[in-house]
Amino acid sequence: MNTKILFGTIMTLALFTTTYGQTLDKAKLDQFFDRLAEKNKAMGSLVIIKDSKVLYTRTIGYSRVSGTEKKPLTATSRFRIGSITKMFTAAMILQLVDEGKLKLTDTLDKFLSQVPNANKITILQILSHRSGIPNISLKENSQGNEKTTPMTKEEHLALIVKARPDFEPDTKSLYSNSGYFVLGIIIEKLTGKSYEAALQEKITTKIGLRDTYTATGNIDVNKNESLTYFMIPGGDWKQVPETHPGLLFSAGAIVSTPNDLAGFIQALFDGKIVSKESLDLMKTMREDEGLGMVTFDFAGKTFYGHTGGADNYGAWLAYLPEEKLAVAYTTNAKVYPVKDIVGGVVDIYYNKPFQIPTFESIAISSEVLDKYIGVYTTTDAPVKFTITREGTTLYAQPPGAQSSVPLEATAQDKFKIDNGTPTGIVIEFDTTKSQMTIKRDGRERFFTKEK
């Protein structure tokens, strides 16, 4: 072999090894999840699968906490996956298109003529959140929280029919759970089956998903389903009231596991669920929305998938087609932002620079903390925030809340509350003005300390 050929062969092997032969740093992934667990920043389950082979799996936290009894999560623990349900719903709609039973140009009046603008709204517009069907939300009333109360599909549909459209069809994009609720009704009408039965026949049984189904009632620990929690002062987990799945239906009521989610998206991209033409439509983004699918940028690469969440549970499903790489994470306690967890996992996978968070608060003296204690009000609304201290930790009790939440010090006068978003809630104190500022999602509100 001459020198040029030998050199070329060596370079080819070197490039191949660099691109495809990277070693997964499982120890660093373990350290990341150990830290999340140690600091009570998350509870959940992760799987990384490539070419249908499991490369890494990890669970932290508990599926049930009752007094001193704590049942650890396992790889088979089942979770509510929220809006990832929409990927399943979109896939079933597109199966009906592939079967010739439905057209994306069909208008809604063919199925539900009573919905406002039904003669103008197409199936494609509903799938891509461009229908104008308003996102129905239920508010608390004097009898309690309506989200925990069962609602029939007929009652839910009546609310959609009664509501005023957000906009004329296809003039803009606005995320709508109610639109996907309508798609579930259409699936039932065209298949002659319940949504749950259609899901089983058209997807779960077809590709062998054993732990994926539609919830019809409250979380059932006897089915290995994970209860939902948030962290309360003192470092204890408290169960969160559940949104009844009847309110979520085909927009967010599916139960699954990371393994099943990874299997689903792998099968979807392998052409085992819908045609290539339908998958291409799902992947086509318009104003950042595909058909039941969105994209994520991690480690300089574009992943396809969806996210989901309600109450304090959540899920993230991401797939990189060119590498057949699936990352699926489910959680029953969002504290540290889920996006940051998944982003950290992908960075570690690709050996990108990633600093495992310390989650260490700045130590502030009791004398300084005491200056912040008090009741704060604002002229913008009739609400009050109460700030208290316990040891070296400051606590905030929001208006109407039955308990306080701990504040994590990031500076002598600045504190943070993790709420599952990248920035969280930031609280700053100015003792010279007896003022407290709360910053959230780019907005801020000023409160003044009562004398």
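Colleague: How much space lies in the largest cavity?

Modeller: This is a predicted model. Rolling a probe the size of a water molecule over the atoms shows where empty space is left. The count comes to one cavity of 30 Å³ or more. The space in the largest cavity is about 50 Å³.

Colleague: Which residues line the largest cavity?

Modeller: A lining residue has an atom within 4 Å of a point of the cavity. The lining of the largest cavity is made by Val115, Pro116, Asn117, Ile121, Ser131, Gly132, Ile133, Pro134, Ile160, Ala163 and Pro165.

Colleague: Which residues are the closest to the centre of the second largest pocket?

Modeller: The second largest pocket has a volume of about 390 Å³. Its lining has 22 residues, and the closest to its centre are Ile136, Asn177, Thr243, Leu247 and Leu248.

Colleague: Which element gives the most to the lining of the second largest pocket?

Modeller: The elements that give two or more residues to this lining are helix 5 (153-162), helix 6 (177-191), helix 8 (249-252) and strand 11 (301-310). With three residues, the element that gives the most is helix 6.

Colleague: What is the order of the strands in the open sheet, and which are its edge strands?

Modeller: The open sheet has six strands in the order 2-1-13-12-11-10, and their pairing is antiparallel. An edge strand pairs on one side only, and here the edge strands are strand 2 (53-60) and strand 10 (294-298).

Colleague: What does the twist of the open sheet average from one strand to the next?

Modeller: In this open sheet the order of the six strands is 2-1-13-12-11-10. From one strand to the next, the twist averages 20°.

Colleague: How many bridges join strand 1 to strand 13?

Modeller: Strand 1 covers residues 42-50 and strand 13 covers residues 325-334, and the two run antiparallel. Among the facing residues, Gly44 has Thr331 as its bridge partner in strand 13, and Lys50 stands opposite Leu325. The number of bridges that join strand 1 to strand 13 is nine.

Colleague: Which residue in the turn between strand 12 and strand 13 has a positive phi?

Modeller: Strand 12 (residues 313-320) and strand 13 pair in the antiparallel sense over seven bridges. In one of the pairings, Tyr319 has Ala326 as its bridge partner in strand 13. The two strands form a hairpin with four residues between them, and the residue in the turn with a positive phi, about 50°, is Lys324.

Colleague: How many of the ten residues of strand 13 are buried?

Modeller: A residue counts as buried under 20% relative accessible area. Strand 13 is largely enclosed by the rest of the structure, because the number of its ten residues that are buried is nine.

Colleague: In what order do the strands of the barrel close?

Modeller: The barrel has eight strands, and the pairing is antiparallel. On average, neighbouring strands of this sheet are turned by 35° against each other, direction ignored. The strands close in the order 14-15-16-17-18-19-20-21.

Colleague: Why is the pair of Phe32 and Phe354 edge-to-face, and how many residues apart in sequence are the parts that it ties together?

Modeller: The structure holds 19 aromatic pairs. For Phe32 and Phe354 the ring centres are 5.0 Å apart and the planes stand at 70°, and planes over 60 degrees apart count as edge-to-face, so this pair is edge-to-face. Phe32 lies in helix 2 (residues 26-38) and Phe354 in the loop between helix 11 (338-349) and helix 12 (366-370), so the pair ties together parts whose distance in sequence is 322 residues.

Colleague: Are Phe32 and Phe354 buried or exposed?

Modeller: Phe32 and Phe354 belong to one aromatic cluster with Phe33 and Tyr329. Both Phe32 and Phe354 are buried.

Colleague: What kind of pair do the rings of Tyr372 and Phe415 form?

Modeller: Tyr372 is buried, with a relative accessible area of 6%, and Phe415 counts as buried at 2%. The ring centres of Tyr372 and Phe415 are 5.9 Å apart and the planes are at 80°, so the pair is edge-to-face.

Colleague: Which ring does the charged end of Lys283 sit over, and which does Lys301 lie over?

Modeller: The charged end of Lys283 is 5.5 Å from the centre of the ring of Tyr304. Lys301 lies at 4.9 Å from the centre of its ring, over the face of Tyr350. In order, the rings are those of Tyr304 and Tyr350.

Key:
Residues are numbered from 1 along each chain as its sequence is written. This is a predicted model: local features need pLDDT of at least 70, side-chain atom pairs count only at pLDDT 80 or more; totals for chains, interfaces and linings use all residues. Side-chain values use heavy atoms; hydrogens and water are left out. Two strands pair if DSSP finds at least two bridges between them. Axes are lines fitted to C-alpha atoms, for helices over the stretch in contact, and angles run from 0 to 180 degrees between N-to-C directions. Rings of Phe, Tyr and Trp (its six-membered ring) pair if their centres lie within 6.5 Å; planes under 30 degrees apart count as stacked, over 60 as edge-to-face and the rest as tilted. Buried means under 20% relative accessible area, exposed over 50%, partly exposed in between (1.4 Å probe, protein chains only). A charge sits over a ring if NZ of Lys or CZ of Arg is within 6 Å of the ring centre and within 35 degrees of the ring normal. On a 1 Å grid over the protein atoms alone, a cavity is a set of points where a 1.4 Å probe fits but cannot get out, and a pocket is an open set with protein on both sides within 12 Å along at least five of seven lines; lining residues have an atom within 4 Å of a point. Grid points are joined across faces, edges and corners, and a volume is the space filled by probe spheres set on the points.
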